[in-house]
Amino acid sequence: MRLGYARKSTFDQQHALQIDALKADGCERIFTETASGLKADRPELRQLLDHARPGDVIVVYSLSRLARSIRHLLDVAEDLRAREIGLKSITEGFDTTSPAGRFMFNVLGALGQMEVELLRERTHAGLRAARARGRVGGRPKALDTVKLTVVKTLMTEGSLTMAEIAEHVQVAPSTIYRALKGGRSALA
């Protein structure tokens, strides 16, 4: 069965162009939706994906109507492939039911993977550059050297419990134990 999916982003746009193209392509049922492509939860798309069975082909006017990003497109297409459901885009000439279409899907998959790896590489390079300039990411330490000195002084006096010392320097007792060499056993 050929199942169509038409999506428009705003209420003042029309589905007509997409629906006409999907009908001309032989779609027996067409799911229409008005929602931003950036929305992760699109009820009609979810209903279409739940309705599709092995051997069916999902047809879209354009791949941009189906997915919100290349990563999302690859995830949807991989899910469909695993379920033995074809995917066809009218404007891009993309059809995973043919050898050429599967090849194009693999090329898109490779490009998507390269995009992910380049993003990861740029992120790591940025972190290395920040570290080289002395900037270290992450949460600041709750128990800095001044507070640790206060803790050790109060522990040496012995007049306060660990809970009272922790309250005094505004940290949890466990934070103090982690900062002390030997942890709780250092107190024994």
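Q: Which residues of helix 1 (residues 16–24) are called buried?
A: In this predicted model, where local features need pLDDT of at least 70, side-chain atom pairs count only at pLDDT 80 or more, and totals for chains, interfaces and linings use all residues, the buried residues of helix 1 are Gln18, Ala21 and Leu22. Buried means under 20% relative accessible area, exposed over 50%, and partly exposed in between (1.4 Å probe, protein chains only). Residues are numbered from 1 along each chain as its sequence is written, and side-chain values use heavy atoms, with hydrogens and water left out.

Q: Why are these residues said to lie on the same side of helix 1?
A: Because Gln18, Ala21 and Leu22 cover an arc of only 100 degrees around the axis (taken from the directions from the helix axis to the C-beta atoms), they share one side of helix 1. The face turned away from this buried side carries the exposed residues Asp20, Lys23 and Ala24, while strand 1, strand 2 (29–34), strand 3 and helix 3 are among the elements that cover the buried residues.

Q: What makes the 22 residues a nonpolar core?
A: A nonpolar core is a set of buried Ala, Val, Leu, Ile, Met, Phe, Trp, Tyr and Cys residues joined through side-chain atoms within 4.5 Å, and the largest such set has 22 residues, with Tyr5, Leu48, Ile58, Leu66, Leu73, Leu80 and Leu87 having the most contacts inside it. Helix 4 gives the most to this core, with five residues. Apart from it lies another core, of 12 residues, including Leu154, Ile165, Val169 and Leu180.

Conventions: Helix = DSSP H or I, 4+ residues; strand = E, 2+ residues; numbered from the N terminus. Contact = heavy atoms within 4.5 Å.
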